[in-house]
Each structure stands twice: as structure tokens, then as C-alpha cells.
Amino acid sequence: MTIRVILLEEGTAEMKGLMGSKGADLAELILAGWSVPAGFVVTTEYCREFCTRLGHLSGEGEEEIVNAIRHLEQQTGKFLGHSENPLLLAVRTDQDQDRTSAASTQSLLNVGLNDVTVEGFARQIGDRLYALQCYLDYLKQYGQLVYAIPSEFFTEISSHVKGQDEAELELTITEFKYLIEAKGRNPFPQDVQIQFKEAVRAVSHSQRIKASSSQDEIMRKPYYISSEQSAPVLIQTMMHGTCGDLSGIGTIYTRNLLTGERGVTGQYIPTGNVSQTDHGLEHLRNEEPELYARLLEIGSQLEMHKGEVQEINFVIESGALYVAQIQPARLSSTAALRSAMDFVDEGLITKEDALLRIQPAHITEVQKLYTNPISNREASTGNLPIQNQPVTNDECPASKNNSSSPSSADLQLLLEWAEEVKELTILANADRPQDAITARLMGAEGIGLCRTENMLLSPARLPFVQKMILADSESERRRGLERLLPMQQSDFEQIFEAMDGYPVTIRLLDSPLHELLPDLGVLEKRREWLQAEEQQEPKDHQIELEELERVIRRVSELHEHNPTLGQQACRLSTVFPEIVDMQLEAIFRAAVKGIRQGWWVRPEIMIPQIGHVHELQEMRDLVDHVADQVLGEEKRHCHYKVGAMIEAPRAALTATHIARQADFFSFGADELTEKTFGYSRQEAEKRFLQRDKDSRTVTNNPFHVLDTEGVGQLVEMAVVQGRIRKPYLKTGVCGENIVDLDSITFCHRIGLDYVSCLPEQIPYARIAAAQAAIKGQREGAITQNADITTIA
């Protein structure tokens with residue numbers, strides 16, 4: 001049986017799936033004895049039925065909604081559309097949305113106002129100016145939500161309204177109605193039944209659907225509702241806090257929104273305050289201490305029950321306190337961390353609950369407040385050095401005059417909690433010694449990807465690489481590499497020192513050949529210029545021209561028609577084995593020096609672009625040969641590993657064979673994504689991925705979030721096959737598209753050992769790894785309990 005409508009007084013906290021969080025919270029408050037404006041919820045279950053009916057209510061549903069409105073009329077003694085005693089409604093979507101959004105709920109307030117009822121409302125409250133202002137605001141909301149008229153049009157019209165004058169407001173109301181008719185192609189409906197139908201339709205759909213073409217069409221249709229996300233709709237009687245001397249409206253936050261410190265903050269606007277000026281909670285505490293104490297009691301009870309900082313909207317009518325709405329407060333990043341830790345200290349939530357609340361934006365914002373005085377002593381601890389600085393945050397509606405200084409202990413303690421539960425090791429992508437130091441400072445447990453091509457292709461080193469490649473003989477090439485060897489060795493020495501005791505995964509040269517060669521067009525232009533110079537004014541350019549001709553000839557010989565799928569990585573070493581020899585010699589020389597200085601050196605040499613097990617076998621033999629020559633007696637202290645970088649689908653599909661020669665697998669997420677989808681990241685993002693996103697061809701950009709359905713299946717298959725051959729095979733993934741909770745959760749689920757990311761991403765990656773472990777444990781417990789219940 002479909003549950004279509006639930007009165008708030010008949011709801012319970014267990015009905016959150018049907019009523020939404022806000023509706024269930026209000027129902028819970030009523031059960032606890034607190035006063036709440038009367039209302040009802042059109043349920044999630046019935047919203048799903050709307051989708052199957054193409055957005056139309058059944059006859060039974062329409063009747064239930066009509067009965068619910070009559071129930072509100074009986075409770076309040078007011079009537080929808082009545083000229084003397086009108087009932088006004090607040091219609092809100094009850095869908096959970098991003099708390100950092102400026103508007104967390106789409107709503108229409110004062111539904112039921114028209115040219116007649118506004119006068120009845122004015123007599124009800126004894127304030128025609130306020131009634132006209134409510135009508136004006138309602139027209140603007142209605143035009144924006146129902147007809148999607150941009151707010152700028154309304155702002156332009158109302159900008160001339162300087163003071164609080166009834167005549168000005170009446171004129172502006174008339175102009176707003178003309179605007180709605182012109183832009184919305186329908187006049188603003190004076191029939192309150194049409195208003196209500198369109199209000200429910202508009203707020204129930206997060207992406208506004210096309211408005212009905214005419215009022216006759218609206219009247220012929222049943223209540224017209226559509227919601228692709230099936231969000232429930234919360235409908236309540238409007239309470240303005242304008243009846244009687246002791247009345248007003250306000251909002252309290254149970255903790256400071258900027259700092260997270262204990263203590264209630266908020267706003268309060270008493271009756272008769274024409275300017276709508278916030279008098280602050282101090283006014284309420286001084287004038288009505290009993291009501292203020294009840295607000296504190298509500299806030300305390302809600303925090304103890306929910307374990308979250310609460311935003312409580314309240315109304316005071318003739319001395320009676322009503323809770324209009326409660327929801328989790330939107331906090332600054334600093335406040336989110338501080339409050340989560342305080343709730344743990346107060347025993348309201350567990351450490352695991354606190355970790356689950358942390359979002360990437362929290363870590364990013366707090367990291368911006370840090371200074372970075374890097375030292376090896378600090379790096380060795382994996383602690384984040386933090387200097388207290390003032391906080392400003394645009395996320396929350398708190399006063400910008402408040403500032404705070406975050407404590408280094410907050411984030412550090414959260415990261416320590418994460419270390420206690422996470423199972424994935426978090427490594428860093430680091431190509432320079434400075435990157436390695438930063439990575440350790442951020443808590444990296446090693447380097448998962450050191451790209452040696454970024455070392456060799458720097459402006460100071462590229463000429464030596466090009467000279468070596470363009471040499472005509474092996475001896476000339478080796479002379480060129482002799483200049484590069486000490487540079488590479490120095491880099492590795494500094495990285496080993498920064499990572500003392502932690503693994504360093506070094507990927508051998510992985511650049512396509514064309515990136516190592518001079519630009520042929522530039523060379524040819526230089527040749528033309530020299531030849532022209534020779535003709536105009538004889539000069540001795542013959543030696544340079546001869547050398548230039550040789551270089552051009554050599555570049556042409558090495559030219560590839562499809563360079564991205566040509567000689568690169570392990571295949572390049574078959575053409576220029578001297579490059580790999582030099583890199584391996586630099587690695588092991590640096591290892592020897594580090595060992596003799598007392599460092600624990602743990603090099604892990606990664607062979608890129610493996611497509612066949614024979615390629616890996618040849619490279620492994622070469623690594624072992626160079627290691628024997630360079631390490632000598634120190635080999636017993638240098639337990640190096642050799643692994644494969646899985647970037648080609650074939651390597652993933654033949655992982656059982658490749659595992660024979662590999663000590664570890666490292667999945668290159670970016671390259672594997674490109675080769676699985678069949679397009680390059682640069683071209684795809686520039687030309688068509690955005691269009692695909694708009695047309696829903698691709699749900700997520702696979703270069704921002706790991707494609708678990710395609711690329712992820714290759715990774716999982718390779719892990720399973722590899723561990724069939726070697727049960728303790730070390731496996732991990734590196735890339736820029738893996739540091740989100742979904743991707744890391746996938747990596748945790750399939751049993752990877754590590755994730756490697758950019759140094760600045762490490763703090764959140766550590767948190768996300770803990771979140772993945774916590775969710776996995778809880779889901780496993782639920783499954784186990786369900787199995788026990790089934791057996792019983």
C-alpha cells in the first residue's frame with residue numbers, strides 16, 4: 001500500500017525514508033512535546049509514483065492532499081483562500097542538499113497570498129506594510145521557482161524602492177505581476193488552488209521542469225508533481241511571529257559557525273521591527289529569559305540526540321514558542337573539525353563517526369591556513385606543522401566579524417584516529433627531493449611514484465639527453481650520459497634521505513621518444529636561415545650546417561607516425577639501453593651512499609608500459625645485473641624490488657603471467673583510463689567530455705573519478721589473477737583521479753595495498769582511507785546480522 005501523505009503529528013523518526021530528514025525531525029519534536037507549526041509531508045514513496053505517472057497524482061492522492069489541507073484549516077481556524085482569515089502555507093522540498101550551498105532548500109513561502117487575501121492577512125496581523133512586503137517577496141519567489149525568471153529582473157524593478165511606503169510597495173507588486181506575465185507567459189494566478197499546485201510542482205523537482213502552458217491546463221490536470229530524485233515535499237502553516245506584543249522570529253545555532261566553539265549564537269527579530277533589524281539573542285535573553293532558556297534546552301536536547309551542531313528556526317507567537325525547522329548547521333571547515341572532536345570528547349559520537357563527517361573541502365580549507373616550515377625533524381614525524389591564523393569563511397551565514405585561530409591539534413588528532421582504522425597505505429607522487437620532504441610532512445608512508453622523466457626533461461638536463469639520443473655511436477651516447485649520471489644520483493640521494501625507512505617507487509624513463517627529440521620544424525628553419533646568410537654574405541657556417549644536417553637526418557630517422565604508441569618506456573630501452581643503464585646505476589649508487597650513511601634505503605624499481613611478460617623479464621634481468629655490479633657487498637642491506645606498472649589493458653588481462661616476474665603491481669590510473677576509453681585526457685576534456693556530461697552520456701569524468709565499472713574491473717581482475725600466482729603480491733594505484741571517497745572505497749574493497757597521490761592530497765586521502773575502512777566494517781556487520789536473522 002502506497003503511503004502518500006503523512007501528518008507531522010502522525011510521523012516518527014523511523015519514517016525518515018518516507019518523510020525526509022526535516023519532516024521526520026519535526027515529527028520527533030512533536031512527540032517530545034515541543035510545539036511545531038502544523039503541517040504534513042507528501043512522501044518519498046508517493047513522489048516515486050509521480051515519476052511512473054509522468055508527474056500526475058492519482059485521484060486518491062489528490063483527495064488525501066485536500067484532506068490534509070482541511071486538517072490544517074481545522075487546527076488553525078484559518079482557511080486557504082479566505083478573504084478575511086486566510087491560511088498561508090510554506091511549501092519546501094525536503095531533499096538533503098549540499099550544506100555548503102547558499103540555499104540548502106528550495107521553498108515557496110506565503111503560498112495563498114493574492115490581491116484579496118493580502119488584505120485579510122494585513123487585518124490579521126494589524127500591519128499592512130508587512131503584509132505587502134510578504135506579498136512582494138512571494139511574487140519574486142514564485143516567479144523564480146515556478147517560471148524560472150532570473151532574480152536580476154526582479155532586483156532591477158525593486159531597486160527604486162527606497163523607504164517603507166505602502167504606495168511604493170503596491171506599485172512594485174503590480175510591476176512584479178506584469179513581469180511574471182511577460183516572462184512566464186501566464187499571469188500570476190489569483191486562484192490559490194493553482195498557486196498551491198504549481199508551488200508543490202516547482203519545489204519537488206530540483207531541475208525545474210517546463211511550466212504549464214495555461215491556467216486552464218493547470219486546472220484540468222490533477223496536482224502536477226515531478227521529481228527525478230523523488231524528494232518528499234514538506235508543507236506547513238506559515239507563522240510570521242507578528243501576532244501579539246510578545247512575538248518575533250529568529251534562528252539559533254548551537255555552536256559557533258566559524259570556530260565550532262561551544263555556546264549558542266543566532267539572530268532574533270521582534271514584532272514591530274519594521275526595518276527587520278536583528279536584535280540578537282541578547283534582546284530575547286534579557287526580555288524573555290524563560291523563552292530563551294527553553295531555546296537553550298531544545299538546542300541541548302537536539303545536540304545530545306543527533307550529535308551534530310543544529311540550526312533551529314523558531315517563531316514566537318503571543319508568548320508561545322514554536323520550532324519551525326531544524327537542520328544540521330552549515331559550518332566552516334574549522335568549525336566542522338572542532339565540533340566533531342568536541343562531540344567525541346562529550347561522548348555523543350564515536351571517533352569513527354567524527355571521521356565519517358570530514359569532507360575534502362574541510363581539509364583543503366584548513367590546509368590553506370597552514371604555514372609550511374619544513375624540516376627533516378618535522379617530516380620524520382609525519383605531523384602537520386600549523387601556525388594559527390585568522391579564519392574567514394564564506395561557506396556559512398555567520399557574522400564575518402568573528403575570527404578564530406585553528407589549533408594544529410584538531411586535524412592532527414583526526415589523522416591519528418584515521419591511522420588507527422585505515423587499511424590502505426597512503427603514498428605520494430614525488431619527483432623532486434623537495435616534493436619528498438613535503439610528502440613526509442603531510443604523512444605519506446613512502447613514495448608510490450617517482451617519475452624520472454620529469455628529472456631528465458628539465459631545461460638544464462634536456463640538452464644532454466638530446467645530445468645522447470642524437471649521437472651516432474654508443475661511445476658518444478655514454479659520454480653524454482656521464483653528465484647526467486651525477487645529477488640523477490644526487491636527486492635519488494636526497495629522496496632516499498627524506499624517505500629514510502620508507503619505500504621509494506622509482507619509475508624508469510616513461511617519455512615517448514618524440515618528447516626527447518628537438519623540434520624538427522625549428523631545426524629546418526635554422527638551416528634555412530643559415531643557408532640564406534651564406535648566400536647574402538659569405539660566412540663560415542659550413543661546420544654548423546653540416547652538424548645541423550646530421551641532426552635533422554637523425555631526427556627524421558627516429559620520427560614516429562604514432563608517437564604515443566611507439567618507442568617509449570621499456571620499449572625505448574631496447575633502442576637506447578644506455579639510458580636505463582645510467583638510471584639504474586644512479587639509483588644503486590645513491591643507495592650505496594645512503595646505506596653507508598646509516599639510512600634504511602628501500603628502492604622499488606618500476607618498469608612502465610609493460611604489455612608482455614617477456615618485456616618485464618628482460619628489464620628485470622637488466623636491473624639485477626646493474627645491481628650486482630654497483631651494490632657489491634651492500635646488496636645484502638639493499639632489498640630492492642622490481643615491479644610492473646600496469647597501464648595497458650593487455651597487461652591487466654595477463655596479470656597471472658606478469659606476476660611471475662613482478663614483486664609488485666602499480667596501476668597507472670590516468671594511462672589505463674586513456675587506453676581503456678580510447679581517448680587522451682587532454683583532448684577529451686577539451687572537446688567532448690563536458691558535452692557528454694551535459695547529455696548524461698558519461699556520468700562522471702573518468703579522469704576525475706575512477707571509472708570503477710570499466711577501468712576498475714581491469715584493476716580488480718589483475719589483482720585477483722596476480723595473487724593467484726603470488727598470494728602476497730603488493731598492489732597499488734597511482735594517479736590524480738583516485739583521491740575521492742568512492743575511488744578509495746573501491747581500492748579498499750578490492751584489497752589494494754596502497755594509493756599514491758599528490759602531496760597536497762595526502763591528508764584527505766588518509767581520512768578517506770579510514771572512512772572506507774569504517775564503512776566496510778559497518779556494512780559487513782549489517783550483512784552478518786542479516787545472515788544470522790535469516791538463519792534464525
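In what order do the five strands of the open sheet stand? The order is β1-β2-β5-β3-β4, with antiparallel pairing. Two strands pair if DSSP finds at least two bridges between them; strands (E, at least two residues) and helices (H or I, at least four) are DSSP runs numbered from the N terminus.

This is a predicted model, in which local features need pLDDT of at least 70 and side-chain atom pairs count only at pLDDT 80 or more, while totals for chains, interfaces and linings use all residues. Residues are numbered from 1 along each chain as its sequence is written, and side-chain values use heavy atoms, without hydrogens and water.

β1 and β4 are the edge strands, each with a single partner, so one side of each has no neighbour in the sheet. β2 and β5 pair through four bridges, and V42 has V233 as its bridge partner in β5.

| Element | Residues |
|---|---|
| β1 | 5-7 |
| β4 | 107-111 |
| β2 | 39-42 |
| β5 | 233-237 |

Helix α1 (residues 16-31) packs on this sheet and touches β1, β2 and β5 (contact: heavy atoms within 4.5 Å).

The largest nonpolar core has 118 residues; such a core is a set of buried Ala, Val, Leu, Ile, Met, Phe, Trp, Tyr and Cys residues joined through side-chain atoms within 4.5 Å. Buried means under 20% relative accessible area (1.4 Å probe, protein chains only). Helix α25 (residues 577-596) gives the most to this core, eleven residues. F588 is among the members that touch the most others; its contacts include I605, V623 and Y640. A second, separate core of 54 residues includes V5 and Y46.

Terms used:
Buried means under 20% relative accessible area, exposed over 50%, partly exposed in between (1.4 Å probe, protein chains only). Axes are lines fitted to C-alpha atoms, for helices over the stretch in contact, and angles run from 0 to 180 degrees between N-to-C directions. Lists of a residue's contacts leave out its neighbours within four places in sequence.
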